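Notebook open, structure loaded. I'm starting with the chain-chain contact and then moving on to a sheet and some charged pairs.

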There are 2 protein chains.
Amino acid sequence: MKNVIDARCTLCGHTFEAHPDTTVCPDCGGILDIEYDYDYIKSKLTKYDLMDRNERSMWRYMEFLPVEGIGKRPRLRVGMSPFYEAERLGKLLGVGTLYIKDDGINPTASLKDRASAMAVVKAEEAGKDTIACSSTGNAASSLAGNAAAAGFSTYIFVPSRAPKGKVAQLMMFGANVISVQGSYEDTFRLSAEAIDRWGWYNRNAAINPYLMEGKKTVALEICEQLNFKMTDYVAISVGDGCTIAGVWKGFKDMYAAGFIDRLPRLISVQASGCYPINAAAAAHTLDWKPQEENTIADSIAVGVPRNAIKAIKAIEESNGITVNVSDDEILEAMRLLGRNAGVFAEPAGATGTAGIKKAIELGLIEKDASIVSVVTGNGLKDVNNAIKAAGEPISIPAEMDLLLDAFEKKGIKLP
Amino acid sequence: MKNVIDARCTLCGHTFEAHPDTTVCPDCGGILDIEYDYDYIKSKLTKYDLMDRNERSMWRYMEFLPVEGIGKRPRLRVGMSPFYEAERLGKLLGVGTLYIKDDGINPTASLKDRASAMAVVKAEEAGKDTIACSSTGNAASSLAGNAAAAGFSTYIFVPSRAPKGKVAQLMMFGANVISVQGSYEDTFRLSAEAIDRWGWYNRNAAINPYLMEGKKTVALEICEQLNFKMTDYVAISVGDGCTIAGVWKGFKDMYAAGFIDRLPRLISVQASGCYPINAAAAAHTLDWKPQEENTIADSIAVGVPRNAIKAIKAIEESNGITVNVSDDEILEAMRLLGRNAGVFAEPAGATGTAGIKKAIELGLIEKDASIVSVVTGNGLKDVNNAIKAAGEPISIPAEMDLLLDAFEKKGIKLP
């Protein structure tokens with residue numbers, strides 16, 4: 001690929017040629033980062049070319065992606081998710097201009113579809129016909145869905161505590177699901193052994209450097225949807241660290257290619273019940289420490305983040321802000337997004353917005369700032385927490401007098 | 001509006017001027033149908049103009065819609081949902097060419113968003129600031145979401161048996177939810193009384209002629225996504241009847257304007273536990289009879305369909321086919337869609353596909369036919385039925401030997 005220079009280790013800095021099945025650094029085991037030739041990209045693409053393009057998916061940004069093409073297999077339409085200016089919500093939060101990038105509107109309803117779509121293309125390049133991962137969350141469902149469309153077999157290892165609904169989704173996509181009677185570590189270990197034994201393509205953000213390249217497309221889209229006028233801040237929830245690192249990479253790509261003329265500051269939002277990346281970033285150290293996983297936002301409950309280094313570097317480089325929010329603040333952000341923007345987010349999807357609210361309250365952000373809040377997953381993925389956040393409806397027999405009483409008690413004033 | 005001629009009663013045929021808050025026929029109570037001036041539309045729009053248009057939502061088809069504009073309020077991005085050629089699934093079913101229109105990829109995850117987006121625009125035209133309906137299903141959640149984005153108040157009446165998850169989704173969007181301790185008829189009656197008393201805008205497919213105009217945009221998109229080369233058939237699940245009637249209207253619009261050169265035959269698919277429209281259509285009569293509501297596909301479990309006449313006429317006009325499918329056939333279609341196309345459908349969303357399978361088996365469709373299957377709602381809306389359809393995963397302790405045994409028992413052969 002003429003646009004890709006090499007893969008560089010994020011730990012030891014050694015560089016290697018990037019292959020479709022490149023995994024971790026052969027020297028030190030660190031996660032690799034794909035490096036691009038921006039002069040080449042600039043010679044091939046201008047932002048005006050881009051705006052004229054018909055492709056309405058993440059593959060619109062081919063020049064910025066580490067692929068030769070997108071292969072011959074059918075695929076789901078991932079990306080180009082909605083981007084809204086949220087005036088009422090912005091005013092409520094005290095933000096100058098607020099935008100929402102709703103990545104819950106994706107084929108399997110989360111941002112992870114971007115990584116899995118990339119994994120499917122790289123698996124085809126690598127000549128594999130089977131893809132595996134261990135996860136119970138959005139990574140697994142997005143792999144199962146994107147692989148099913150493309151005709152790949154999948155083997156997905158889940159700990160036996162995984163909720164039945166999530167397992168059902170995987171099974172519906174035809175994944176071979178192995179429910180492991182043990183901890184997540186046991187599950188991961190068995191999956192690694194099986195991947196090694198049968199040579200399956202590995203869709204694991206702790207190993208595979210291409211997943212982040214898929215995730216960064218959300219940032220490429222944000223730039224274009226902002227008409228290449230970057231906001232002051234971009235807020236996003238952080239779990240493993242791969243997504244925020246990908247987002248930062250996307251902005252840096254667009255900046256390096258001259259498509260945007262400044263970079264945003266990242267607002268890294270974690271749950272106050274699990275914030276190992278923010279703890280390290282706030283102390284300006286790469287030396288992060290594992291934490292317990294105490295939050296309802298399951299998609300970012302990652303006590304031992306595999307991409308912590310990349311994430312902390314991204315926050316540092318962007319002169320970013322770290323904010324930790326409680327479960328109650330997350331539930332409140334779910335309500336705010338639903339009521340004032342019509343966006344139904346899963347808890348981790350609303351966490352970025354919760355962080356903006358808190359950062360404003362703490363005076364960490366100037367009041368006239370422009371901010372993008374990335375919603376990473378759809379509320380339909382976690383209806384139980386929506387029930388927690390929602391409150392109780394009016395409940396009455398079918399009598400107009402009782403309705404009038406109920407409205408009065410609720411403070412609903414009607415003529 | 002220069003493109004709209006009038007509103008014609010589907011029962012008595014009388015015509016009226018169409019106003020934003022036009023409801024049923026003042027003469028006989030029949031549901032009205034908006035009529036267009038296709039010569040005017042043709043003079044304003046060609047298919048080549050359309051293909052060049054940047055708007056990527058249902059509002060791309062303004063010339064075919066009964067609106068002056070889309071108002072000043074913010075709105076969700078509804079429509080332009082994915083359209084896939086499903087080669088593997090087509091082969092499995094024995095179809096010549098199979099396409100899937102995945103309308104589960106919409107802001108609140110169903111085709112109903114198209115109707116609610118239209119209701120929001122018409123409510124603004126009518127100068128209303130509150131919209132109401134009685135429903136527990138996709139109509140309610142789409143109204144709540146689209147109205148929240150646009151800053152309308154909503155009052156949504158649900159029977160007390162409505163599942164907590166669905167009520168929670170409405171509450172998250174800030175709807176005033178009134179849970180009525182009584183039957184659906186009690187609920188409907190109280191809502192009608194309240195709508196009448198407070199003059200709210202009425203989002204009810206039994207009353208409001210504009211909802212079908214929103215729904216028809218799915219057909220306009222299908223035409224364009226087929227590059228204006230119409231398939232032999234279009235299959236869709238049928239409940240109240242408004243959606244299939246809207247789909248047919250959309251195809252007729254495109255045909256009348258010369259954008260397509262033939263019309264498809266409709267495949268009207270209902271559940272064998274509730275098929276009042278298909279029963280009448282198969283007997284070539286408009287005199288439909290109420291039925292019990294015995295199916296897992298709750299979104300089409302409509303024993304007393306309010307738009308039966310429009311639907312039966314659409315099936316007749318298209319020289320359509322009626323097929324009724326069992327709950328088991330619906331669950332099987334959910335698995336087929338998930339495994340072979342990566343599309344996760346709610347039961348009613350997979351019903352069209354179940355109907356195609358059955359129609360082929362019954363010899364009702366020629367084997368080389370081209371067919372579009374419309375998926376009307378996302379599987380995440382109904383995870384309990386996905387669990388029913390999914391089957392059980394492999395469950396083992398974290399031991400490679402046990403994994404090998406389990407694969408052998410399941411008939412999974414690996415090198």
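**Interface.** By class, I get 46 nonpolar, 15 polar and 14 charged residues on the side of chain B that touches chain A. For the classes, Ala, Val, Leu, Ile, Met, Phe, Trp, Tyr, Cys and Pro count as nonpolar, Asp, Glu, Lys and Arg as charged, and the others, Gly among them, as polar. Chain B puts 75 residues into the contact and chain A puts in 75 residues, with contact meaning heavy atoms within 4.5 Å.

**Ground rules.** This is a predicted model, where local features need pLDDT of at least 70 and side-chain atom pairs count only at pLDDT 80 or more, while totals for chains, interfaces and linings use all residues. Residues are numbered from 1 along each chain as its sequence is written, chains are lettered from A and ligands numbered from 1 in the order in which they are written, and side-chain values use heavy atoms, with hydrogens and water left out.

**Across the chains.** How many salt bridges are there between chain B and chain A? I count zero, taking a salt bridge as a side-chain nitrogen of Lys or Arg within 4 Å of a carboxyl oxygen of Asp or Glu. I also found strand β8 (residues 176–181) of chain A running parallel to strand β14 (residues 394–397) of chain B, joined by four bridges. In that pairing, A:Val180 stands opposite B:Ile396. Strands (E, at least two residues) and helices (H or I, at least four) are DSSP runs, numbered from the N terminus, and two strands pair if DSSP finds at least two bridges between them.

**Sheet in chain B.** Next I traced an open sheet of six strands with mixed pairing, in the order β4-β5-β13-β10-β11-β12. β4 (83–85) and β12 (321–325) of chain B each have a single partner strand, so one side of each is left without a neighbour in the sheet. I see β11 (residues 265–271) of chain B pair with β12(B) in the parallel sense over five bridges, and B:Ser268 has B:Thr322 as its bridge partner.

**Salt bridges.** One I checked is B:Arg8 with B:Glu35, the closest N and O atoms being 2.8 Å apart. This pair links strand β1 (residues 4–9) to strand β3 (residues 32–36) of chain B, with the two residues 27 residues apart.
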